[in-house]
Amino acid sequence: MPARPSTRSRLTHRWPALRRWFGSGLPTHSGSEASAQSIRDYFRLKAHGQGYTLSHSQQRVIDCMAQQASLLFGAPAQTPPSLYLYGAVGRGKSWLLDGFFQALPITQKRRLHFHQFFAQLHQGMFSHREQDDALAVTLNELLEDCRVLCFDEFHVHDIGDAMLITRLFKALFERGILLLVTSNYAPEGLLPNPLYHARFKPVIELINARMHIMEVGGPHDYRSQARHSAHQLFTQGHYVWPATPAQRQTFNLPPQDAPALSLTVGTRPLRARLCEGRRVGFSFNDLCEQSTAVMDYLELCRRFDHWIIDDLPLLAECSIAAQQRFINLIDVLYDQDKHLTLLGKLPLHESLAGNVIDLARTRSRLGQLQ
């Protein structure tokens with residue numbers, strides 16, 4: 001499926017575009033007029049307009065989403081079972097999630113990258129730490145009257161996060177929220193670290209009990225085949241190798257031996273190599289070999305739109321922690337739709353060799369760089 005938009009504003013932007021493509025032929029709905037057929041029509045027209053043929057597994061998911069919409073807007077309205085989509089990268093999971101989000105004719109909905117929501121959750125719970133139930137107070141603030149919540153790129157690697165996720169999912173189901181999740185992992189594959197996996201079993205059992213589990217399969221990585229989107233800033237970025245002085249001059253990049261600068265993020269300093277307006281540069285070591293976190297990347301994304309990451313090493317020779325930070329960083333830059341110039345000494349596929357499962361998603365996303 002095509003490279004996906006990455007922010008709520010992009011999702012809103014593309015609904016009028018579909019209207020322009022199909023004119024009065026695009027179904028329109030309001031409130032209870034939404035139906036199973038309207039969801040199916042929406043996806044059929046969207047796929048046709050983008051030149052794609054729906055796979056069998058994608059059509060099965062769309063049929064399930066149509067049933068969800070029918071229950072959600074039926075009389076009386078019901079909260080249907082939630083939906084968990086998993087599968088390899090580039091099989092259309094996010095495309096399906098975005099389409100369902102766009103097609104629902106309500107405002108009480110949220111679509112977030114899981115990293116982003118979890119960072120907000122941590123910050124809110126810290127702010128309300130004196131409350132008897134900081135989680136409930138924070139969810140009241142973050143979700144308000146939300147009826148449908150969409151999480152993209154759900155994965156778990158930290159046992160501390162896993163314990164909070166267990167409480168989070170229980171709270172969301174108790175609130176009667178329709179939850180849609182995409183992941184590269186089947187539920188049984190979450191938190192794969194054998195030291196902790198057994199402790200995450202309660203939330204896996206909860207997911208299996210309260211959600212439809214559906215694999216989105218197929219032989220092709222559509223993301224790697226998609227044309228670069230003129231509206232997506234990330235795909236306009238570059239991978240530059242072997243990063244010679246002449247190449248650096250061509251792209252107006254800092255020299256490899258640029259002195260370190262101190263950049264304050266939150267309450268602590270980070271090393272940077274460039275900081276000019278909305279443009280920022282780091283070495284791989286500055287961001288991924290240090291104790292940085294997703295919240296740091298999100299804070300930096302609020303301040304900078306054009307990113308330079310220099311000196312990409314052979315990831316397979318890095319620690320698992322450094323590899324995971326790099327994966328998380330690319331997830332954030334992709335979802336926040338930031339322009340990225342990545343520099344390395346070797347071809348990209350050689351630098352990204354490694355066995356970490358989530359690295360397949362990173363390869364697919366970085367493969368869209370020019």
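Strands here are DSSP E runs of at least two residues and helices are H or I runs of at least four, numbered from the N terminus; two strands count as paired if DSSP finds at least two bridges between them.

A word on the model: it is predicted, so local features need pLDDT of at least 70 and side-chain atom pairs pLDDT 80 or more, while totals for chains, interfaces and linings use all residues. Residues are numbered from 1 along each chain as its sequence is written, and side-chain values use heavy atoms, without hydrogens and water.

Zoom out, and you get an open five-stranded sheet with mixed pairing, in the order β6-β12-β11-β10-β9. β6 (238-240) and β9 (274-276) are the edges; each has a single partner strand, so one side of each has no neighbour in the sheet.

Now for the charges. The whole structure holds 19 salt bridges, meaning a Lys or Arg side-chain nitrogen within 4 Å of an Asp or Glu carboxyl oxygen. In one of them, Asp 152 meets Arg 111, with the closest N and O atoms 3.0 Å apart. Asp 152 sits in strand β3 (residues 148-152) and Arg 111 in strand β2 (residues 109-113), 41 residues apart. Both are buried (under 20% relative accessible area, 1.4 Å probe, protein chains only).

Arg 365 and Glu 153 form another salt bridge, at 2.5 Å from N to O. Arg 365 is in helix α15 (residues 359-366) and Glu 153 in the loop between β3 and α7 (159-174), so the pair ties together parts 212 residues apart in sequence.

Key
Buried means under 20% relative accessible area, exposed over 50%, partly exposed in between (1.4 Å probe, protein chains only).
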